[in-house]
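This briefing is meant to be read alongside the sequence and the coordinates.

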Amino acid sequence: MAGSTSKSDRAQRAAAMQRKARSADRKRSALIWGSAAAVVVLIFALVWYAVASRPSLGAVQTFDDVGSEHVAEAVEYPQDPPAGGDHNQAWWNCGIYEEPVPAYHAVHSLEHGAVWLTYQPDLPQKQIDELTDLANQEFMLLSPGENQDSPVVATAWGVQLEVDTADDERLPLFITEYRQGPQTPEPGATCTGGTSVDLLPTR
């Protein structure tokens with residue numbers, strides 16, 4: 001009888017240990033899956049925050065059906081600076097200029113995928129320096145704008161962004177989006193080897 005009781009006790013203890021082990025396994029699994037779910041939620045939250053906090057280009061103006069013919073005379077454009085249109089056969093060499101550049105040459109550079117940054121001549125030098133830093137890369141033009149309404153304008157073929165200051169965080173986004181962007185009529189065409197001299201100086 002005593003042996004039988006002892007066997008029963010051992011069986012009960014073994015069963016209890018198994019139940020305890022299974023319970024511990026369930027708790028570990030729940031902890032692991034809960035931690036994994038928390039990590040996934042955290043990753044999604046960080047991605048959402050990064051996307052939500054990323055500045056938007058927002059007020060980019062688009063210009064459709066602009067001309068693209070090569071012409072031998074000066075061109076009057078509906079915008080200043082222009083965002084496309086008929087232009088001189090010689091493109092303006094990309095680079096940084098301290099004087100206004102002829103629009104009918106610069107538009108040809110836009111056709112090749114350049115972004116043209118222009119600024120009002122009275123813009124503070126510190127802001128001009130910031131624009132110079134932005135323009136210090138390929139397929140970029142920088143020059144004062146003679147008659148533009150906004151302090152700083154970024155222009156690519158068919159698109160334009162007007163901002164108040166050179167440190168506007170939309171400017172580098174515009175450059176990334178539109179420099180040699182999908183709107184470029186002649187992607188891959190060069191922005192050097194053109195002209196840095198007005199070919200119609202008596203206009």
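Just after helix H4, Gln 180 takes a positive phi of about 55°; helices here are DSSP runs of H or I of at least four residues, strands are runs of E of at least two, and both are numbered from the N terminus. The model is a predicted one, in which local features need pLDDT of at least 70 and side-chain atom pairs count only at pLDDT 80 or more, while totals for chains, interfaces and linings use all residues. Residues are numbered from 1 along each chain as its sequence is written, and side-chain values use heavy atoms, with hydrogens and water left out.

**Backbone geometry**

- Most residues other than glycine have a negative phi, and most peptide bonds are trans.
- Gln 180, which is not a glycine but has a positive phi, is found in the segment after H4 and counts as partly exposed at 31% relative accessibility, where buried means under 20% relative accessible area, exposed over 50% and partly exposed in between, computed with a 1.4 Å probe on protein chains only.
- Phe 139, which is not a glycine either, has a positive phi of about 55°; Phe 139 is placed in the loop between H3 and S4 and, at 17% relative accessibility, counts as buried.
- A cis peptide bond, with omega at about 0°, joins Asp 80 and Pro 81, and Pro 81 lies in the loop between strand S1 (61-62) and S2.

- Helix H4 spans residues 170-178, and its buried residues are Leu 171, Leu 173, Phe 174, Ile 175 and Tyr 178.
- The cover over these buried residues includes strand S3 (115-119), helix H3 (125-135), strand S4 (140-144), strand S5 (152-156) and strand S6 (159-163).
- A pair of aromatic rings is described by the distance of the centres and the angle of the planes.
- A search of the whole structure finds two aromatic pairs, a pair being rings of Phe, Tyr and Trp (its six-membered ring) whose centres lie within 6.5 Å, with planes under 30 degrees apart counted as stacked, over 60 as edge-to-face and the rest as tilted.
- One of these pairs joins Phe 174 and Tyr 178 in a tilted arrangement, 4.8 Å centre to centre with 50° between the planes.
- Because Phe 174 and Tyr 178 are four residues apart in helix H4, about one helical turn separates them; Phe 174 is buried at a relative accessible area of 0%, and Tyr 178 is buried at 14%.

**The disulfide**

- The structure holds one disulfide, defined as a pair of cysteine sulfur atoms within 2.5 Å.
- This disulfide joins Cys 94 to Cys 191, with an S to S distance of 1.7 Å, and the link is right-handed, with 60° about the S-S bond.
- Cys 94 lies in the loop between S1 and S2 and Cys 191 in the segment after H4, so the pair ties together parts that are 97 residues apart in sequence.
- Cys 94 counts as buried at 19% relative accessibility, and Cys 191 is buried with a relative accessible area of 4%.

**Two residues and their contacts**

- Ile 96 lies in strand S2 (residues 95-96) and is partly exposed, with a relative accessible area of 39%.
- Leaving aside neighbours within four places in sequence, Ile 96 is in contact, meaning heavy atoms within 4.5 Å, with Thr 132, Ala 135, Asn 136 and Leu 142.
- Between Ile 96 and Trp 116, which are 20 residues apart in sequence, the C-alpha to C-alpha distance is 9.9 Å.

**The largest pocket**

- A pocket is found on a 1 Å grid over the protein atoms alone, as an open set of points where a 1.4 Å probe fits, with protein on both sides within 12 Å along at least five of seven lines, and its lining residues have an atom within 4 Å of a point.
- The largest pocket has a volume of about 370 Å³, where grid points are joined across faces, edges and corners and the volume is the space filled by probe spheres set on the points.
- Of the 21 residues lining the largest pocket, Val 75, Tyr 77, Asp 80, Ala 103 and Glu 146 lie nearest its centre.
- Helix H2 (103-111) and S3 each supply at least two residues of this lining.
- The lining divides into 12 nonpolar, five polar and four charged residues, with Ala, Val, Leu, Ile, Met, Phe, Trp, Tyr, Cys and Pro counted as nonpolar, Asp, Glu, Lys and Arg as charged, and the others, Gly among them, as polar.
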